[in-house]
Amino acid sequence: MSAPATTARRRRVGGWVAIGATLVVVGIIATILAGMGQWTRRDLLDPESTGTDGGRALAHILADRGVDVRVVRDRHALEAALQSAGGTDRTPAEATLVLPDSPLLSDATFEKIADSALDVVIAQPQARAARVLFDAELSGYGTDGPVAPACALPAAQRSGAILPGTLFAPPADGDVTACYTVDQDAALLQRTRAGRTVTLIDATELFTNSTLTANGNAALGVNLLGGRSTLIWYMPSAADADAGDVAPSLGELTPDWVSPVIVLLLLAGVAAAVWRGRRFGPLVAENLPVTVRAAETTDGRARLYARSGDRLHVADRLRIGTLGRLARLLGLGRTTPANEVSDAVADRLGMPRAQVRGILIDDRPGTDRELLALSDRLRDLERRVHQAVRPDTNPPTDSGRTP
């Protein structure tokens, strides 16, 4: 094998190795970034998230005050945490449970979990939680300014005013305490029965990392969630859904042979790209095209003009050439406008300006005969100017017909 062929082969192999290494590095970087995003930005009000919508700040405040904050992310972990806090099938756990009204949970499952602890805070309430637990309805959202507690609930009185989020229409029930009222609606509902307390509040507008320091949000969060030594913060996952409650995934809907076929098509595409892709090798030296004579270029361009019947374009090319030569004869600059060149020619020859302007600018040939006549007039005009400026030299004989 010759030295150039060996060099070209090495360059090809080196190019593919570089591409493979680049893809591996990009994959590693993407994996690292995806992992960072997973840890820094989780779901809304996640107690381990440091994002603006997370709840890590409140969880740290509670932990600093001696509360045992336990974050659970599935039903099995939740049951284990409740049992460790003294909960059984008939006895609620002696702990505070943060429970979101997640659509992943059925009504029966949601009610069962809401009865599993002595203190329950529905932190992300929806219409289902208001209906099932309080026989209430969602009635509005927020106000323009902070709202005072205006109730006898000690946790709210110690916290002070807040800027509420979702508002609820409280039921006509003596067991329900409504706080932070706006007209007839309330931002906080709390019911106490048989030693168990259930609180309904939109924590997504109060207890996130970005809103915790506003008004009395932090105090209210600590008072509601820090009343007991153990806090169980439940973040449901898709695996917690009851059978039949979650729509089947795309993988469950597709036949078994689809995935192998997709993989086979991808492999075939990669093989085709390697087979037909551009090879990385040395540059190939090629001879430049043969120089074409100006006369041949002019003749070919004229034939194209004639075939297309573009008489105006041909007339413009003839006039541009004539105007350029006339400007040089009269000592004018290359950028002199056509109307000034026309006026200078008329003054030099003593002809009417309109007549010269018609020849050099305005006349529009409509037929081949008119185009030929215009070419003759341009040639004659250039010849007369040449005789007037340089009477001792012979004028050009074929300038008017050159495009």
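**Before selecting anything**

The model is predicted, so to speak of local features a pLDDT of at least 70 is needed, side-chain atom pairs count only at pLDDT 80 or more, and totals for chains, interfaces and linings use all residues. Numbering starts from 1 along each chain as its sequence is written, and side-chain values use heavy atoms, with hydrogens and water left out.

**Whole protein**

Show the protein as a cartoon. It has 14 helices and 9 strands; these are DSSP runs, with helices being H or I of at least four residues and strands being E of at least two, numbered from the N terminus. Of the 403 residues, 34% are buried. Buried means under 20% relative accessible area, exposed means over 50%, and partly exposed lies in between, with a 1.4 Å probe and protein chains only.

Now switch to a surface. The protein exposes about 24100 Å², of which carbon and sulfur atoms supply 55%. Such areas come from the Shrake-Rupley method with a 1.4 Å probe, and for residues only the protein chains shown count as cover.

**First stop: H2 and H7**

Select residues 56–64, helix H2, and residues 217–225, helix H7. Their axes come within 10 Å and cross at roughly 60 degrees. Axes are lines fitted to C-alpha atoms, for helices over the stretch in contact, and angles run from 0 to 180 degrees between N-to-C directions. That angle makes H2 oblique to H7. Angles under 35 degrees count as roughly parallel, over 145 as roughly antiparallel, 65 to 115 as roughly perpendicular, and the rest as oblique.

The crossing of H2 and H7 is right-handed. A crossing is right-handed if the near helix is turned clockwise from the far one by less than a right angle, and left-handed if anticlockwise.

Show side chains for Leu58, Ile61 and Leu62 of H2, and display Gly221, Val222 and Leu225 of H7; these residues make the contact. Contact means heavy atoms within 4.5 Å. By class, this contact of H2 with H7 has 5 nonpolar, 1 polar and no charged residues. Ala, Val, Leu, Ile, Met, Phe, Trp, Tyr, Cys and Pro count as nonpolar, Asp, Glu, Lys and Arg as charged, and the others, Gly among them, as polar.

Select H12 (residues 338–349) and H14 (residues 368–389), whose axes come within 10 Å and cross at roughly 60 degrees. H12 and H14 are therefore oblique to each other, and their crossing is left-handed. Here Val345, Arg348 and Leu349 in H12 meet Leu381, Arg384, Val385, Ala388 and Val389 in H14. The contact of H12 with H14 has 6 nonpolar, no polar and 2 charged residues.

Select serine 106, in the loop between strand S2 (93–100) and helix H4 (107–114). Is serine 106 buried or exposed? Serine 106 counts as buried, at 18% relative accessibility. Its C-alpha atom is separated by 7.3 Å from that of alanine 241, 135 residues apart along the chain.

Next, go to tyrosine 180 in strand S6 (residues 176–182). Tyrosine 180 is buried, at 0% relative accessibility, and its phi is positive, near 55 degrees. Most residues other than glycine have a negative phi.

Finish at asparagine 215, in the loop between strand S8 (196–201) and H7. Asparagine 215 also has a positive phi, about 50 degrees, and is partly exposed, with a relative accessible area of 48%.
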